[in-house]
Amino acid sequence: MANGFMGKILWVDLSKKQIKEEALDPKMGRDFLGGYGLGARILFSRQKAGVDPLGPDNILGLVTGVLTGTDAMGGSRYVMVGKSPLTGGWGDANSGGNVGPYLKFAGYDAVFFTGQSDKPVYLLIDNGKAELKDAANLWGKDTFDVQDILRAEHGNELEVACIGPSGEKLCLIAAVMNNKGRAAARSGLASVMGSKKLKAIAIKGNMKVPIADEAASKEMRKRHVQNKNPRSEMVGAYGTSFLFNMSIESDDAPCKNWDGVGVIDFPQYKDISGDPVKAEQAKKYGCWHCPVGCGGIMKPSTGEYEYGDHAHKPEYETLAMFGSNCLNNDLKSIIKINDICNRYGLDTISAGAAIAFALECYEKGIITKKDTDGIEMKWGDPKAIIAMTEKIAKREGFGDILADGVKKAAERVGKGSEKYAIHVGGQEYPAHDSRGGLNFAIGYGGNPTPGRHTQGGEGPLPEGSMPQFDFGSLKGRGEPHKQGMGITAAYNAAGICMIVIGDAYVHIKDLVEAFRVITGWDITLEELAKTGARIETMKQAFNIREGIKMPWKHHDRMLGIPPKEKGPRAGATLDEPELAKGYYEAMGWDPETGKPSKQALLDLGLDDVAKSLWP
Ligand code: SF4
C-alpha cells in the first residue's frame, strides 16, 4: 500500500447492518489525497444525483488524509462528507482533535455509511475490526456524556465522533463533535448522521501509519517543531481569539447581523477579545501531536451563567457570531453558549447567525414575544441569547423555526424576513466580511461549499512569494486564486490543520517536504496545486450534477447593497457578476453556470466525470 495510507476503507450498510472492507486504490489516493478529495471522488461515482440528503441513499463519510496521524505538523484532521441538507449540494466539515489519527491507527483511511438504521446504533472500530452496537442508552445524551459512557465501557484510549441531541433532532445546523470541543460543524452533516440513527463512531487502535522514510520523517518533525515564531506563540497562548480585536478594528468581524460597524456600534468589543478570554482559561490543550495547542479549558463558573470545569475556550468565530454579531459583550455568557453548542452539537457560526436573525426580526417588529415563547429578543441581552440557543439546540418553540438555519427560518417566518437572513446558498456566512475582503467574497460565492472561510485562495505562488494585485480590485486575481485554492484544498484533503500552515510553524515549502518524506512521492508544489484543482473540480462537478448553478447568489447585505455609510469599509459595494469570474475562467469553469469544461475535466484526468457531464 502507498505510504501515508492504511490502504483500507470501511463500508457500513446501516439498513442491512452489514460491514465490508475495501482496498483503497493507490492511484485514487495520490490523485485525491484523502479527506474531501477522496470523499468527493467516491460519492460522485457511487451516489446518484437527486437523493434526499436526509434519506437512506445519501452516503455519509468520515475520511482522513494521507498526512493524518503522521509526523507532518498539524496532521490531526478528518472530514465528514455527504450531500448537504443546507445547500442541496456537496457538503463537508473538517475537525481536529484525535479522531482522525485514531481511525488510521485502527487500520482505516475512511468509513462510509449507507442506508438508515431502524434504531440508534454506534460503530465500534477496534484495531481492524468493526461492529455495529446498540446505542439505545446513548440516544438523547449530550456529546460529553456519550464520550464518557463509551470510554467507561471500552477504555479511556477510545476516541469518539458523535452527534448530540441537535443532530438526533435533525437540526440542519447541527455539528458532529469529538473530544468534547472539536466540531465538524458546517454543511449540516450531523443531521445526516441523525437521519441514519448513527449516534457515534468510536475508535480504538495502535497500528502505525506506513511512512516512506521513518528517519527523515522524525528529523523533519524535530526541525519543524522548532519553527516557532511570534504568530505561532500568539495562537498557542490565545487560540484564534487573538484575531478578534484586529478583526473588529478593520470591520472584518460581523456586527449587528452584519449591519453595524464594530468600532462604532459595539464599542465594548475589548470585553470579549483575546486578553479577557485568556484570563478565563484554566489550561490549554491541543489536537493530537500538535505543539501549538490552540484549544483551552475555561475556569468553571458558578455565577450567573453556570458551567462546569470542562467548558472549552470559544474560538474567534464563536466570539464574533455570538458576541459582536449579537452586540453581546458578556464573555461568560459566550463561554456558556459555546458549552451549550458543544454539548448539544451545534455549529456556532450558524447558530450565532440564527440568533442575530431573530434579534433583527424582533427589532423590526416582524416577530414579537408571542412568537418567541415570551423571550424578549433584544440586542446584547445575554440571557435571551442563551435561552434561544438552548431552544434551537432542543428544537423547542421558536428554536424549532431557527434550527434549520436562517434561510429556512425566513421561509417559515415570512413577512419580508429574508432581508435579514444572511446566508449564501443556504449556508450562513462565517465571521469575515466579504465587503472589502475580495478573497473571501470570491470563495464564499465561488466555492462548491458556499460561505466557507477555510477555503481561501490567492497564493502563495510556487516560488513562495505572494501574488501582486491591487487589493481593491478583482483584476488579476483569477490565477492566484486558483493557485491558492488548489494548495489549500490539497492540505485540507491531506488532513493538515490550516492554522498550523497559516498562523504557525509550517511554511508552504515545509508542507511539500512533509508530503515527500511521508509518502515517498516525488511531489512538487505545482502538482499539489493541480491536485487541489482536481479536488475542487470534483466537488464542483457533484453540484453541477445536482442541477445547482454556481456561483452561489450572495446576500445583498454582504455585497454592500446598499453600502455601509460608516467605518473602514464605508462605500464598498461588490460587483457580483464579476466576483468569481476570473477564478472560474482560470479553473476552466463556466462563469455563468459553474460547469467545468470538458477539456478542464480531461486535463485533470477526470475522464469519467467529463463523460457524465458532457454525454
Ligand atoms: S493549531 Fe489548534 S486546531 Fe490546529 S492542530 Fe493545533 S491544536 Fe488543533
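Leu33 sits in the loop between helices α1 (26–32) and α2 (35–46). The model it belongs to is predicted. Phi of Leu33 is near 70°, a positive value in a residue other than glycine. Is Leu33 buried or exposed? Its relative accessibility is 0%, so Leu33 counts as buried.

Ser187 also has a positive phi without being glycine; its value is near 75°. Ser187 lies in the loop between β11 (182–184) and α6 (189–195). With 2% relative accessibility, Ser187 counts as buried because the cut-off is under 20%.

|---|---|---|
| Met550 to Pro551 | near 0° | between α22 (525–545) and α23 (556–559) |
| Ile561 to Pro562 | near -5° | between α23 and α24 (576–579) |

Next, the domains. The protein chain is divided into domain 1 (8–204), domain 2 (230–428) and domain 3 (438–613). How far apart are the centres of domain 2 and domain 3? Taken over C-alpha atoms, 27 Å separate them. The two domains touch: 33 residues of domain 2 are in contact with 23 residues of domain 3.

The size of an interface is often given as the accessible area lost when the parts come together. Domain 2 and domain 3 bury about 2,200 Å² between them. Carbon and sulfur atoms carry 60% of that area.

Now the nonpolar cores. The largest has 181 residues. Within this core, Met80, Phe112 and Phe515 touch the most other members. Helix α14 (residues 348–363) gives the most to this core, with 11 residues. A second, separate core has 11 residues, including Tyr122, Leu124, Val160 and Cys162.

Neighbours within four places in sequence are left aside here. Its contacts then include Trp11, Ile42, Leu60 and Val81. Gly39 and Gly61 are also among them.

Terms used. Residues are numbered from 1 along each chain as its sequence is written. This is a predicted model: local features need pLDDT of at least 70, side-chain atom pairs count only at pLDDT 80 or more; totals for chains, interfaces and linings use all residues. Side-chain values use heavy atoms; hydrogens and water are left out. A nonpolar core is a set of buried Ala, Val, Leu, Ile, Met, Phe, Trp, Tyr and Cys residues joined through side-chain atoms within 4.5 Å. Buried means under 20% relative accessible area, exposed over 50%, partly exposed in between (1.4 Å probe, protein chains only). Helices (H or I, at least four residues) and strands (E, at least two) are DSSP runs, numbered from the N terminus. Contact means heavy atoms within 4.5 Å. Domain bounds come from an automatic or database domain assignment. Buried area is the accessible area (1.4 Å probe) that two parts lose on being put together, summed over both.
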